[in-house]
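Colleague: I would like to learn how to read a model of this kind, feature by feature. Could we take one residue to begin with and then widen the view?

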Amino acid sequence: MAISGRFFLLALLAVVPIIAVPRSASWLLALAALLLVLAVDLGLAASPRRIAVRREIPNGVRLTEGTTAVLRLANESRRLLRGQVRDGWQPSAGAANALQALRIPAGERAVVRVRLLPARRGDLRADHVTLRSYGPLGMAAWQKTIKAPGTLRVLPPFHSKRHLPSKLRKLRELDGKAAVQIRGAGTEFDSLRDYVRGDDVRSIDWRATARRRDVVVRTWRPERDRRVVIVLDTSRTSAARIGDEPRLDTGIEASLLLAVLAERGGDRVSLIAYDRRVRTRVSSSGKGNMLNAMVQGLAPLQPELIELDAAGIPGQVRAVTAHRALVVLVTPLDAGAAEEGLIPLVAQLARRHVVVVASVRDPALDEARLERSTAALVYRAAAAEHALNRRAAITAVIKQLGAEVVDAPPNELPPELADMYIRLKAAGRL
Amino acid sequence: MSSAPVRSEADVHVFRADGGTRAERAGFWWRRSKFWLLAGAALVAVTVAGLVVGNIGGRSGEPLSMTNPAPEGGQAVATVLRERGVEVTSSDSLEATLHALAANGRGASTVLVYDPLALLQPGQASRLAGSAAEAGAKLVALAPGPLATKHLNPELSSAGTASNTDMPASADCASPAAQAAGTIDATGVDGLGVGASPSLQVYRGAVTCFAPAGSTAGFMAANSTGDVTVLGNPGIVSNERLASRGNAALTFRLLGSRPHLVWYTASLKDVTAASHPPTLAELTPAWIFPASGWLLLAAVIGMLWRGRRHGPLVTEPLPVIVKASETVTGRARLYQDANAQDTAVHILQHATLTRLAQHLRLGTQADPAAVVEAAAARTGRTRRDLEALLVTDVPLNDKQMLTMAAELAALEEEVAQR
C-alpha cells in the first residue's frame with residue numbers, strides 16, 4: 001500500500017474545518033473522512049497482482065555505450081491500471097528513467113523502455129519490477145513487487161581498438177602485401193617474382209635468375225598458423241588499481257588487442273583467465289567470431305582475492321596446445337608474488353615456448369621517484385626507487401631465462417604488447 | 001543507443017506476482033511476520049498486566065493516603081477504624097469536606113486535616129474550623145503550618161520545630177487520650193513533611209502534651225474544649241509507626257471517638273482560581289490543540305507518503321579497490337618513522353649509479369668506481385666529490401638527506417644532457 005501527495009494535501013486541508021469547529025467530534029469526523037477516501041480509492045484500484053511482466057534485455061553492450069531494456073506489461077485485470085512502474089536495476093546499470101508513469105486499460109498491454117548507461121563491466125542484475133496502482137482519485141495505491149530477474153552483460157570497452165589499424169598495417173608490411181620498398185620480412189619462403197627497381201639486391205635468387213633471362217627475387221613471409229596462448233592473471237594482485245582502472249581491466253584491453261592482431265596475422269589464439277582455476281577459456285580454433293566470443297568470455301571476470309597458482313599454468317597451456325607456442329603471461333611483476341611463482345613458471349615455460357610477460361607499470365612510481373622537495377617526499381622517492389629496483393631485478397632474471405618482458409603504463413601496455421608480437425613475428429621466433 | 005540483438009519473444013519468460021489464493025497469501029504473511037506480531041502482543045499484554053496489577057484496589061502512592069499500604073501511607077489506621085465501625089470517607093477538597101460534615105449530622109464527625117504542601121489559605125482554615133464547630137465535629141490537624149494553626153483555633157499556636165530523637169515523648173498533660181497513650185514516638189517518617197528527614201512541629205495550646213525534653217511546647221496541643229487538636233508528628237498515624245509505643249492508642253482515641261471520620265488531604269483543588277496566573281490553555285484559542293494534533297497526524301501522513309519506496313533496494317556488489325602505490329606509501333612511512341635517512345639515501349645512490357651506468361654504457365653489472373670515473377670524465381667534476389656523493393656519504397639528518405637527494409637528481413640530469 002502507498003499514499004500519494006494528493007492524500008497528504010487532503011489531510012492538510014482537513015485542518016480548516018477543525019479550526020472552524022474546534023471540537024473532538026470534528027477531529028474524529030475528519031479522520032473518518034480520510035479513512036473513507038483511502039478505502040474507496042484502494043477498493044477501486046486495479047490489482048497489481050494481475051499484471052504479467054516480460055523482460056527484453058539486449059544480449060550485450062559495451063561499457064560507456066547506452067542501451068535500452070524493454071518491459072512489456074500486460075494488464076490482465078478488469079480495471080484500468082493507473083500508476084507507476086519501477087524497474088529494479090542495480091545502481092551501476094545507470095537506469096536513467098527506471099521510474100515511469102503508467103496507464104494501461106483493462107486487458108491491454110504497454111511497453112516501458114528503460115534507458116541504461118552502464119558504469120561497470122560485468123553482469124549487471126535487474127531483480128524485480130515494482131508496480132504501484134492508484135485508484136480513480138489518485139489518493140492511495142496498491143504496491144506489488146514482482147520478482148523478474150534479468151541480466152545485462154556489459155562487455156569490456158576495448159579502447160585499444162584505436163591502435164588496431166596501425167598495428168595491422170605493420171603486420172601487412174611484414175606479410176609483403178603492402179607496397180613497401182623492403183624485402184618481405186619473415187623466414188618462410190613465399191614465392192619468386194621479377195625484380196623491380198628498388199628491391200633489396202640481397203634478395204635476388206641467383207639460381208632462378210640463371211634459369212630465366214630476368215632477374216628474380218625471392219619473397220618471404222612470416223610463419224602462419226602459430227599458436228598464441230594468452231594467460232590472464234585474475235588473482236588478488238590483479239585487483240590493484242593503477243591509474244583509473246584495475247590491473248585486470250588493462251590486461252583485458254591488452255589481451256583483446258593482441259588476440260585480434262594475432263588472429264588477423266593468421267595465428268591461432270587461445271585465452272585463459274586463471275587464478276586457482278580457469279575462469280574463462282576462449283580459443284580461435286572454433287568457428288565463429290573470435291572477438292565476440294572473447295569479449296563475452298572476459299566481460300564477467302572480476303579479480304578474485306586469492307593467490308595465483310603459478311604451478312597450474314603449464315598444465316593449462318599444455319591443455320590448449322601440445323605444440324610450441326607464444327605464451328603471453330599478463331601478470332604483475334611485483335616482488336614477493338613474482339619471486340615465488342612467476343620466475344619458476346617462466347623458467348619452466350621458456351623451455352618449450354616463447355614467453356612474454358606483460359605487466360602494467362605504475363606511472364605513480366616514476367613520478368614519485370623524481371619528487372624530492374621535502375623530507376617526506378624523499379622517503380617516498382626512496383621507496384619508489386626500491387620498488388623499481390626490485391622490478392628491474394625481476395625483469396633482468398626473466399630476460400636471462402630467455403623470456404621477453406613488456407612493462408608499460410596502463411595506456412601504453414596494449415600497443416607495446418602488440419609491437420612485441422609483431423617484433424617476434426618479424427624475427428621468426430614464433 | 002546500440003542496436004544489439006534482442007532475445008527472441010519465444011524465450012522471454014513471463015513474470016507474475018507470486019502467491020496464489022488470498023488464504024495462501026495470508027498464511028505466508030502470517031509466517032513471515034509471526035515473530036513480530038507475537039512479540040508485539042506479548043509486550044502489550046505485559047504492559048497492561050503491569051498497569052492493572054499496579055493499580056489494583058485503587059491504591060494510591062500519596063503519603064498518609066488511606067489507600068496507601070506503603071510505610072508512609074495511612075491505610076492501617078483507616079482499615080482498623082473501619083473494622084471498629086467508624087465510617088471513614090476520603091476527601092481531597094475543602095468543599096467536599098464541608099459537604100460531608102453537613103451530611104453526617106451534628107456531633108457525629110471527626111475531621112482529619114492533612115496539608116503537607118501548605119495549600120490551605122488562612123481563610124480556608126478558619127472556614128473549616130468554623131464549619132467544624134458549627135457541626136460539633138472534632139478537628140484533628142496533622143502538622144499544620146503556623147498561620148493555619150492560628151486560624152484553626154486562636155488558642156493554639158505553633159512553637160517552631162523540634163529535632164528527631166529516638167527518645168519517646170511522654171504525655172504529661174490532662175488530655176485523657178494522651179494519658180491513655182502514655183508515650184509516643186519523637187521520630188519523623190521519611191516521605192512525610194518536607195525533606196527526606198523532616199523536622200517535627202511543636203505547638204502550644206490550652207492543653208499541651210508530649211513535650212520533648214527541655215521544651216514547654218509539645219507534639220500535641222488541644223484547645224480548652226478538646227475539639228481541636230493539632231499533632232506535630234504525622235508519623236504516628238503512618239503504617240510504619242502506628243504499632244510503635246502509644247501511637248496507636250493516641251491515634252484511635254483522637255480519630256475513632258465519633259461514628260464518622262472525614263479523611264481530608266488538601267490538594268490542588270483547594271487552590272482558588274484567582275490565586276494562580278492564567279495557564280497556557282486559557283490564553284490560547286480553543287482550536288489550537290485540535291489543530292496542532294491534526295497537523296501532527298498530517299506530518300505522519302506526509303512521512304508515509306515520502307517514505308514509501310518503490311520496491312526494495314537492489315544491492316550493488318562492490319569490487320575491492322586498492323591503489324597499487326599503497327605499498328610504496330607504506331614503505332616510505334616506515335623509513336620516515338624509523339628516521340632511516342641512511343637507508344633512503346643508499347637506495348637513491350644505488351638507483352642513480354644504475355642509471356648512470358646505463359647512460360655511460362657501462363653495463364648493468366658495472367663497478368661503482370668505474371661509474372664514478374666515467375661520470376667524472378663526462379661532467380668535469382672531481383672524482384672525490386662524485387665518489388662522496390654516489391658512494392661514501394651518509395646523511396645525518398633530514399636536511400643533509402634532502403641536499404643529497406637533490407644533488408643526485410641534478411647529477412643524473414647533467415649526465416643525461418651531455
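Modeller: Let us begin with Ala108(B), which counts as partly exposed because it has 15 C-beta neighbours inside 10 Å; a residue is buried if 20 or more other C-beta atoms lie within 10 Å of its own, exposed if 12 or fewer, and partly exposed in between, with C-beta atoms placed from the backbone. Please keep in mind that this is a predicted model, in which local features need pLDDT of at least 70 and side-chain atom pairs count only at pLDDT 80 or more, while totals for chains, interfaces and linings use all residues. Residues are numbered from 1 along each chain as its sequence is written, and chains are lettered from A and ligands numbered from 1 in the order in which they are written.

Colleague: Where does Ala108(B) lie, and with which residues is Ala108(B) in contact once its neighbours within four places in sequence are left aside?

Modeller: Ala108(B) belongs to the loop between helix H3 (94–104) and strand S3 (109–114) of chain B, where helices (H or I, at least four residues) and strands (E, at least two) are DSSP runs numbered from the N terminus. Apart from neighbours within four places in sequence, its contacts are Arg258(B), Pro259(B) and His260(B), a contact being two residues whose C-beta atoms, placed from the backbone, lie within 7 Å. As for Ser257(B), 149 residues separate it from Ala108(B) in sequence, while the C-alpha to C-alpha distance is 9.0 Å.

Colleague: How many helices and strands are there in each chain, and what share of the residues is buried?

Modeller: Chain A has twelve helices and 19 strands, and 43% of its 430 residues count as buried. Chain B has 14 helices and 13 strands, with 32% of its 418 residues buried. Among contacts between residues at least 6 apart in sequence, 72% join residues at least 24 apart in chain A, and the corresponding figure for chain B is 65%.

Colleague: How should I read a sheet, and which strands form the one that includes a strand of chain B?

Modeller: In general, the strands of a sheet pair through backbone hydrogen bonds, either parallel or antiparallel. Here four strands form an open, antiparallel sheet in the order S7(A)-S4(A)-S2(A)-S1(B), where two strands pair if DSSP finds at least two bridges between them. Its edges are strand S7 (109–116) of chain A and strand S1 (14–15) of chain B, each of which pairs on one side only. Strand S4 (residues 67–75) of chain A is joined to S7(A) by eight bridges, and Arg72(A) stands opposite Val111(A) there. Strand S2 (residues 51–56) of chain A pairs with S1(B) over two bridges, again antiparallel, and Val53(A) has Phe15(B) as its bridge partner.

Colleague: How many residues are in contact across the two chains, and which element of chain B gives the most?

Modeller: On the side of chain B, 55 residues are in contact with 75 residues of chain A. H9(B) gives the most to this side of chain B, with nine residues. By class the side divides into 37 nonpolar, ten polar and eight charged residues; Ala, Val, Leu, Ile, Met, Phe, Trp, Tyr, Cys and Pro count as nonpolar, Asp, Glu, Lys and Arg as charged, and the others, Gly among them, as polar.

Colleague: How is a pair of packed helices described, and at what angle do H11(B) and H12(B) pack?

Modeller: Two packed helices are described by the angle between their axes and the distance between the axes. H11(B) and helix H12 (residues 368–379) of chain B pack at about 60°, with axes 10 Å apart; axes are lines fitted to C-alpha atoms, for helices over the stretch in contact, and angles run from 0 to 180 degrees between N-to-C directions. That makes H11(B) oblique to H12(B), since angles under 35 degrees count as roughly parallel, over 145 as roughly antiparallel, 65 to 115 as roughly perpendicular and the rest as oblique. Leu353(B), Leu356(B) and Ala357(B) of H11(B) make the contact with Pro368(B), Val371(B) and Ala375(B) of H12(B), and by class these are six nonpolar, no polar and no charged residues.
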